Amino acid sequence: MKKIALFLIFTILLAMLAGCTASGASVTQETVQAATQAATQTAQEQQISVESIVQNSAQELNAMAVVTLSGSSASVEGDGVTIDGNTVTVTKGGSYTLTGTLEDGQIIVDASKDETVELILNGVSITSSTTAAIYAKQSDMTIVTLAEGTENVLSDASAYVYASAEEDEPSAALYAKDDLLIRGTGTLYVYGNYQNGVTSKDDLVVEDGTIYIEAQNHGMRGKDSVSVLGSTLTISAGDDGIQADNAEAGTVLVEGGTIDITCAHDGIQAEGTLTVTGGQITILAGGGYTTESYSTDESYKGLKSNTAVLISGGTINSNSLDDAIHSSNTVTITGGTLSLLSRDDGIHADETLNISGGVINILISYEGLESGVVNISGGTISLLAADDGINAADASASGQADRMGGFGGMSSGDTSLQVNISGGVINVNAYGDGIDSNGSVTMSGGELYISGPLSSANGALDYDSSFILSGGVLAAAGSTGMAQTPGQNSTQPSVIVYFSQSQSAGNTYLLTDASGTVLLSITPDKDFECIVLSAPGLKTGSSYAVYESSDGTMTNATQLYDFTISGIITSVGGTAQTQQNSWTQQPQRNDNRRP
């Protein structure tokens, strides 16, 4: 498995563009907090709105009529329905049961604006050669109920016939101009041969049911919002899988259910807030990270929002050509289980990325976590990156070469670009920089383990302004060419261990105190030349040792060095040449090499 992963990484390194961008200049913690609060409030408002829709749908509706579809005609028993050849029109609020097959026909809902219409699909097949299969033209809300144990099919025309050139509605096999709710325990097959599979120009709510959608354009689109509360939803789309595109609202909420999306562009796209609190989401966007041919002007992301992505629960499996998770503003992750593959970034936020919980596995990416400000206070994170593992960068830089600039400690950097770690367990395997901050790095807690670059053109740690270490466990292995340590203004000591020759991946390296207590350990995923180590309790004037173990235990460990901490930064081992070649914070050397 490791050989396969390395092969794929090198394939990406050769095939990818020179770099990708992030933003975040002039970001303050106040701005971050305000944006996060606004996004959270929007998500709460959507949940309240959805609850209102569901509550309204639970109100008992009068049973108005039973409509029997018979090929190219239909018949009705009851009130509130008119039939004109193969066109069935519902004109009043209430509940209507539909059965049978309608060939080259249409169901229209045209009731009063304050009325709710329920269409109970009880084993129907409706196709049209000129327009939508179901067109909810007017009502307060249209409810499509899938009767238990039934299979229902909706298929629209591949080319629509409109009354005039100015018209463009409907444009989906199931199209509603007002609120649309889909519920029930039956099955629905939707074939959007013209554009979209299911569209609401207002709020679209999927409560339950088993739904299959194949669409030329978007699979499911709600202009104001799309909310998936439950159901088994399978979408194959020629554009986005799920989309909410109202520039002022455009929110998406996933609370439950199982969603499986295969799409040519974005899996789930929201102009406003995209919220995931539960459910299981699987996305294949743009053919996935192995796709070689694509347009740089198009978007192929897994989860995408122009405002904010909020993830507090659920399971997300995304394989995307572009970023797996992307926001033009903020991404906040407090829970959930994420498994991400991307040809670009694993998780990208233009302004701020906040991670305080959850399990995040970025199995392959160009850059793992990227934002103007990266705040990690909790969670378990594991990532594999062809370039930088964690990157704080400014969108004004046009590519990788521009972002590299001077080496850490050699330029002042942009202090608005930050990586802040106060908690969590983070494992980084990066072929570029392990951490690359074009501004500052702070670490006050958590555990950070880095298997850094093989090339001396990068470093396990790379920062332009400062790295203040005041707490937590740090173990960063990599090359010596551009090696950095935390800064002298840190309050927790660090040690950089140099080796006279490259060390092979696979063995475990342990830092112990004088009594033999293990303070930290790291098993690098790649060959390396030096390791930066720090742990709570390190004290100036105290003695420590570094061991190498073949199985991760002290039982089979060999002592390599013993030394005394002589300052905030202490250098151990290696040769004068290896230290001279490294960009460090002028460590004091104090070590004894063991045979």
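Trainee: Why does Ala477 count as buried?

Mentor: In this predicted model, Ala477 has a relative accessibility of 1%, and because the word buried is kept for values under 20%, Ala477 counts as buried. Ala477 is found in strand S39, which covers residues 466-478.

Trainee: Which residues is Ala477 in contact with, leaving aside its neighbours within four places in sequence?

Mentor: Ala477 is in contact with Ile450, Ser451, Gly452, Ala460, Ile522, Pro524, Phe528, Cys530 and Ile531, where a contact requires heavy atoms within 4.5 Å. The C-alpha atoms of Ala477 and Tyr449 are separated by 8.2 Å, although these two residues lie 28 residues apart along the chain.

Trainee: What makes the link between Arg221 and Asp245 a salt bridge?

Mentor: The N to O distance between their side chains is 2.7 Å, and a salt bridge asks for a side-chain nitrogen of Lys or Arg within 4 Å of a carboxyl oxygen of Asp or Glu, so the pair meets the condition. Arg221 sits in strand S17, whereas Asp245 lies in the loop between strand S20 and strand S21, 24 residues apart.

Trainee: Why is Arg221 called buried, and why is Asp245 called partly exposed?

Mentor: Arg221 has a relative accessibility of 15%, and since buried means under 20%, Arg221 counts as buried. Asp245, at 22%, falls between the 20% limit for buried and the 50% limit for exposed, and therefore counts as partly exposed.

Trainee: How do you know that Glu292 is exposed, and what is Arg343 called, buried or exposed?

Mentor: Glu292 has a relative accessible area of 52%, and because exposed means over 50%, Glu292 is exposed. Arg343 has a relative accessible area of 3%, which is under the 20% cut-off, so Arg343 is buried. The side chains of Glu292 and Arg343 meet in a salt bridge, with 3.4 Å from N to O, and this pair links parts of the chain that are 51 residues apart.

Trainee: Which residues touch the most other members of the largest nonpolar core?

Mentor: Among the 105 residues of that core, Leu119, Met220, Ile347, Leu369 and Ile390 touch the most other members. A second, separate core has 23 residues, including Val497 and Phe499. In soluble globular proteins, nonpolar side chains tend to be buried together.

Trainee: How many of the residues of the chain count as buried?

Mentor: Of the 595 residues of the chain, 57% count as buried.

Technical notes. Residues are numbered from 1 along each chain as its sequence is written. This is a predicted model: local features need pLDDT of at least 70, side-chain atom pairs count only at pLDDT 80 or more; totals for chains, interfaces and linings use all residues. Side-chain values use heavy atoms; hydrogens and water are left out. Buried means under 20% relative accessible area, exposed over 50%, partly exposed in between (1.4 Å probe, protein chains only). A nonpolar core is a set of buried Ala, Val, Leu, Ile, Met, Phe, Trp, Tyr and Cys residues joined through side-chain atoms within 4.5 Å. Helices (H or I, at least four residues) and strands (E, at least two) are DSSP runs, numbered from the N terminus.
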